[in-house]
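Morning, everyone. I have one structure today, and I will take it piece by piece. Please look at it first.

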Amino acid sequence: MKKMKAGIIGCGNISSIYLTNLKNSPVIEVVALADLIMERAEARAAEFSIENVYTVDEMLNNNEIELILNLTVPGSHALTNIAALQGGKHVYGEKPFAISLEDGRKVIELAEEKGLYVGCAPDTFMGSGIQTSIQAIQNGLIGTPVSATAFFMGGGPESWHPDPEFFYAYGGGPMLDMGPYYLTALVKLLGPIRRISASTGIQIPDRVIGSGPKQGQKLQVQTPTHLAGTIDFMNGVIGTMIASFDIPAGSNLPLIEIHGTEGTLQVPDPNFFNGEVKLRKYGSAEWVTLEPVFVSEQNERGAGLNQMVEAIHSQTPAEASGQLGYHILEAMHAFERSSLEGRHVLLESALPESKVDQQVMKLNFVNEIVS
């Protein structure tokens, strides 16, 4: 298979792991880097022996480049995706898919109009941790799934991050930051989401930067930092999820559990590709660690991008697709909408039920998902 020539826009911290992993890609050749700060792109190019450093416009107008890896800040995800698609390039971006639902829909519609692929992280569900969990459920090890729990609970990043302001601005918060990992894992395990009801708040409004040159500066919190809700899946499973930056002492609650009529499954951290999957059967007091379906490293970011290029060549659905990314974006927004509006929020995006052999299919926009 001929390697697809790719360019990366955004050369911040996360670009390093992508460049490390894509260096050995059998289907992608990274040929150029771009960043609003040219010196940052030049430093990454020198580090990874990338010959070409462009401005963003030069990257988007280069006909040699067929694919853009969008590693810009969240507020630029949708605009960069749209610009890449308008330039006739496939595009894969970091999470979240967009900040607003309107922008997310524009990306999906433009990709369909242009006949191009759009993909979105996280791709951690492609690792052994989530895939072993999917197989366990598909093989009936917990019987029929009936409920799920997901907890991301911590004190927020201002204690260690030197520039944490964006975590507390619109488009930040624990849901848009970490929610994609948890919700994507849940959708891969249990299928699409039907509706969400939630309460949200800013439980600790006074924040102070704890490290770096800004240490001691106060933060302005502009987005919910504690979100707790109920997720109704289309297959009838009822989920409970909390995403919080307002738990400074931490928690011992399991990250993700799936509960069935015959057992309970403990799912590993969805932020990583690997991790132990544990099963406790009905009537047993012991947790058994399941054999992984394959071996994954902790960080294999880029797996979704590689698979998308293979899907482009074979004209089959991508697994870490933009359609999935939009479904997750709508779910994340539904938490705050439900709290503000005091009602259940039905999701307008519907993904077919997850299957082991075909994880993600085409997104359908429908007027109503429940009769």
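Let me start with a definition. A disulfide here is a pair of cysteine sulfur atoms within 2.5 Å. Keep in mind that this is a predicted model. How many disulfides does that rule give? The count comes to 0.

Take C11. Its closest cysteine sulfur belongs to C120, and that sulfur is 19 Å away. The cut-off is 2.5 Å, so the distance is too far for a bond. C120 is in no disulfide, and its nearest cysteine sulfur, that of C11, is 19 Å off. Are these two cysteines buried or exposed? C11 is buried, at 2% relative accessibility. C120 is buried as well, with a relative accessible area of 5%.

Next, the annotated region. UniProt, in an unreviewed entry, places the feature "domain: Gfo/Idh/MocA-like oxidoreductase N-terminal" at residues 5–118. Over that stretch the chain is 42% helix and 21% strand. The C-alpha atoms at the ends of residues 5–118 are 16 Å apart.

Now to N70. Where does N70 sit? N70 is in strand β4, residues 67–70. N70 counts as buried because its relative accessibility is 0%. Which side chain does the N70 side chain meet in a polar contact? That of N81, at 3.0 Å. Set aside neighbours within four places in sequence, and N70 still has a list of contacts. Among them are I9, S76, H77 and T80. V91, Y92, G93 and E94 are also on that list.

On to the core. The largest nonpolar core has 106 residues. Which element gives the most to this core? Helix α7, residues 173–190, with 11 residues. And which residues have the most contacts inside the core? I258 and L265.

Those two residues take us to a pair of strands. I258 stands opposite L265 in β14. β13 and β14 form a hairpin, with 2 residues between them. Beyond neighbours within four places in sequence, I258 is in contact with residues including I137, I142 and P145. L186, L189 and L190 are also contacts of I258.

Strand β14 is mostly covered, with 4 of its 5 residues buried. On to its partner β15, residues 278–281. Here 4 bridges join β14 to β15, again antiparallel. T264 stands opposite R280 in β15.

Last stop: the loop between β14 and β15. E276 lies in that loop. Is E276 buried or exposed? E276 is exposed, because its relative accessible area is 52% and the cut-off for exposed is over 50%. What does E276 touch? Q266, P268 and T289, not counting residues up to four places away in sequence.

One distance to finish. E276 and T80 are 196 residues apart in sequence. In space, E276 and T80 are 37 Å apart, C-alpha to C-alpha. T80, remember, is one of the contacts of N70.

To recap: 0 disulfides, a largest nonpolar core of 106 residues, and a β13–β14 hairpin that holds the facing pair I258 and L265. Over to you.

Note on methods. Residues are numbered from 1 along each chain as its sequence is written. This is a predicted model: local features need pLDDT of at least 70, side-chain atom pairs count only at pLDDT 80 or more; totals for chains, interfaces and linings use all residues. Side-chain values use heavy atoms; hydrogens and water are left out. Buried means under 20% relative accessible area, exposed over 50%, partly exposed in between (1.4 Å probe, protein chains only). Two strands pair if DSSP finds at least two bridges between them. Contact means heavy atoms within 4.5 Å. UniProt positions are given in the numbering used here, feature names are shortened, and annotations may be inferred rather than shown by experiment. A polar contact is a pair of N or O atoms within 3.5 Å; within protein, one must be able to donate a hydrogen and the other to accept it, and residues adjacent in sequence count only if both atoms are side-chain atoms. A nonpolar core is a set of buried Ala, Val, Leu, Ile, Met, Phe, Trp, Tyr and Cys residues joined through side-chain atoms within 4.5 Å.
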